[in-house]
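Trainee: I am new to this structure and would like to take a close look at a single part before anything else. Could you walk me through that part slowly and then connect it to the rest?

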Amino acid sequence: VQLQASGGGLVQAGDSLRLSCAASAQYAMGWFRQAPGKEREFVAAVTWRGDRTYYADSVKGRFTISRANAKNTVYLQMNSLKPEDTAVYYCASSTLLGRSWYVETTYQYWGQGTQVTVSS
């Protein structure tokens, strides 16, 4: 499975940004992020059908994950961005069942990452 993340950039606090992840197959998908000097952390996930979504508490109410299976693409709409959202964002996919969507080891395939920088 190949994943291609895009849509990152430099924005100001309060702005919005939409990330995209084009996949070569339809699986459950997640977004993670890694800020400088910090460990990679879970952001959001969506089942392959798109019927269930999961969010980190830090982004709940501001970020929305969605998917367009006809395009094999998953989106992360990020609103009300804060400087602490600054990180490299990675998309990942999983074929595993019965695993937690919140942990990295659930995901077998990873994209290359896209930088999001939020200035204050």
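Which residues of strand β1 (residues 3-6) make up its covered face, and which make up its uncovered one?

Mentor: Before the answer, a word on what is shown: this is a predicted model, in which local features need pLDDT of at least 70 and side-chain atom pairs count only at pLDDT 80 or more, while totals for chains, interfaces and linings use all residues. Residues are numbered from 1 along each chain as its sequence is written, and side-chain values use heavy atoms, with hydrogens and water left out.

In strand β1, L3 and A5 form the covered face, whereas Q4 and S6 form the uncovered one. In general, the side chains of a regular strand alternate between the two faces of the sheet. Strands here are DSSP runs of E with at least two residues, helices are runs of H or I with at least four residues, and both are numbered from the N terminus. The partner of β1 is strand β3 (residues 17-23), and the two run antiparallel over four bridges, with Q4 standing opposite A22 of β3. Strands are said to pair if DSSP finds at least two bridges between them.

Buried means under 20% relative accessible area, exposed means over 50%, and partly exposed lies in between, using a 1.4 Å probe and protein chains only. Strand β2 (residues 9-12) pairs with β11 in the parallel sense over four bridges, and the bridge partner of L10 in β11 is T117. Strand β9 pairs with β11 as well, in the antiparallel sense over three bridges, and there V88 stands opposite Q115.

From these strands we can turn to S66, which lies in strand β7 (residues 63-68). S66 counts as partly exposed because its relative accessibility is 33%. Leaving aside residues up to four places away in sequence, S66 touches T73, V74 and Y75, where a contact means heavy atoms within 4.5 Å. S66 and T53 are 13 residues apart in sequence, and their C-alpha atoms are 8.1 Å apart in space.

Two loop residues also deserve a look. N72, in the loop between β7 and β8 (73-78), has a positive phi of about 50° although it is not a glycine, and with a relative accessible area of 23% N72 is partly exposed. S80, in the loop between β8 and β9 (87-94), likewise has a positive phi of about 50° without being a glycine, and its relative accessible area of 40% makes S80 partly exposed.

Stepping back to the whole chain, there are zero helices and 11 strands. The C-alpha trace spans about 40 × 30 × 25 Å along its principal axes, and buried residues make up 44% of the 120 residues. Among contacts between residues at least 6 apart in sequence, 55% join residues at least 24 apart.
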